[in-house]
Amino acid sequence: MSAPLSSTASMNVEPDKRTTKFSPWSSDPDFTSVDHDSSASPSNSGAEVMSVGDCSRFLTANPTAFLQPIRLLVVDESDQVRQMCCDAAENFGFVGVEAETILAARKILERKDTAILMLDLTRQEGEGQSLVAEMKSLCPNTLLIGMSGSATIASAVETMRTGACDYLSKPFPMHVLAGAFERAAKRLCLDGELRKLQEAANGRSGIGDALGQSVEMENLYRILFKVAGSTHPVVIVGENGTGKDLVARSIHANGPDGSKPFVTIDCNLMSSTLLERTLFDGSKDVTVGDGTRKRGLLAAPEGGTVFLDEIENLPLDLQDRLARALKEKKICPVGRTRAHSLSVRILAATSHDLMQIVREGRFRLDLYSLLSLVNLKIPPLRGRPGDIVFLAERFLEKIGRNTGIFRTIPKETLRVLETYDWPENTRELESAIGRACILSSGTELEINHLPQNILTFCRTKDAARKRDSFPVGKPKRQPIEDVIPIASMEKRAILKALQQTNGDKVKVAELLGIGKTTLYRKLKEYSVQFPPESSVSLASPKIRLLPLILLIGSLPHLGRIRDPRVSLRIVRTNSRLAVGRTTRNESLQSLTA
């Protein structure tokens, strides 16, 4: 059986029987002893009443962390406990809200503005634990302070495992409640600061995962944040609609000049004269406060970042001036002798291969070398199918926040989106999702809500895939050249082996890796002509070692000889081998001769 907790015990707080006054503005909690009111007995449902002390001011780790007051919800069946906790919370600067039943507490939690929940866990049929589970789904950032009139060490440990930040054993004195409030407030501040840091690490001034969350984009984000801390020029390479402008703005926002102006110059839309005046010479008709003529953007006194989009369209003479400005870190306007320092960071973007344009003579090599210290290449959307679904749902959520209508994308529509090749990349995807939302009257985006060019492309691609998988009609037989039949290959191999072994079938069978029976069958099947026996000499060692049984096997009719007086005789007749019958006496006479 678990040991009961002391009536004055609280998790993480040393028990103290003195009623105390909390000093809110000290860095460490400072409790000063005061006299306890003996009239405040434990009979009031397990709560002591604060006899003295004003906690209207409250210490937090960061006083600016909460722009709105901290809302605390007290759920307990005792009116006195609820009233006492709410009063103490208001003295701490909290906004106290009370609820007697789980149903009433659930409705308050659905507002999603509760920062701290004080809950009596000693309820029938686990109502308290069910409310804790619902709180985690409705308000995951809400802190839980558990209370129990029959607290044990085991119940306290179990409550802390569910995610509670504190646990109070009723009846509890006021200083214990004050300590619980202080720890909860500090925890809220730390959690808030942690969320800000996480958002800063993931979001980085708004880019976050706005271009996708694939492995390729994660690698790009890591390089981007490293580059942002310097002032070196950067070239951003990517197809139209991949988000080059967003990447440039993120580099500027996370760089040392993030608070200074960010100016975009489209080199394809402006004339050569206007580009030169805007970047280098300034305006003759516009003056600043001291009466001097306004400088060009590259020498602007306020500094910042100049983003040169479509830089491959910059005229060659301006490319020369820009290269000299990057080398010398100075800008000398035409018609003036005084030079100004280069005060901005240069970011450039292109959708072409700049090195190829350099080979063609349309872009200066020295400017390319100065700009491309760092190249950031944004991969096209068609190579990242996972990002297609992710970005589509993200655009849909963004539209839902603006219109108040939240829609979903069924699997069939997602399949069409993944099949399309998106030549205009992210920009085209966002436009397609926006058009589909306008045409949709329900909660789902159907296939027919997508632009017609997407549907036509997907139908054509599906038809081609089916045609390749299931050919229509009987395919034409293609002529096959240089193919030798297996029978011819076997016959050729047998003949060659016979020639190499001088007709020795045992050796032939060994060379070919087949049995003798198989060899004889193949010889008969392919009508292989034996080499002339005359070419085989009787004096040959192979003939002497040739087993007699082979001769018997090659002449089956000899196998029927039964007379023991009859033997085989090998004679040479007209240069051919002959086998005949002789008697034993004739054989002996022949051998003697």
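Two strands are said to pair if DSSP finds at least two bridges between them, and the elements themselves, helices (H or I, at least four residues) and strands (E, at least two), are DSSP runs numbered from the N terminus. This is a predicted model, in which local features need pLDDT of at least 70 and side-chain atom pairs count only at pLDDT 80 or more, while totals for chains, interfaces and linings use all residues. Residues are numbered from 1 along each chain as its sequence is written, and side-chain values use heavy atoms, with hydrogens and water left out.

Five strands build an open sheet with parallel pairing, in the order β9-β12-β15-β8-β16. Because β9 and β16 stand at the edges with a single partner strand each, one side of each is left without a neighbour in the sheet. Between β8 and β16 the parallel pairing runs over three bridges, and Ile 236 stands opposite Leu 376 in β16.

| Element | Residues |
|---|---|
| β8 | 234-237 |
| β9 | 262-266 |
| β15 | 344-350 |
| β16 | 375-377 |

Helix α6 lies across β8, β15 and β16, running at about 150° to β16, where angles run from 0 to 180 degrees between N-to-C directions and axes are lines fitted to C-alpha atoms, for helices over the stretch in contact.

Helix α6 (residues 215-228) also packs against helix α7 (residues 244-253), at an angle of about 45° and with the axes 8 Å apart. In contact, meaning heavy atoms within 4.5 Å, Leu 224, Phe 225 and Ala 228 in α6 meet Val 247, Ser 250 and Ile 251 in α7.
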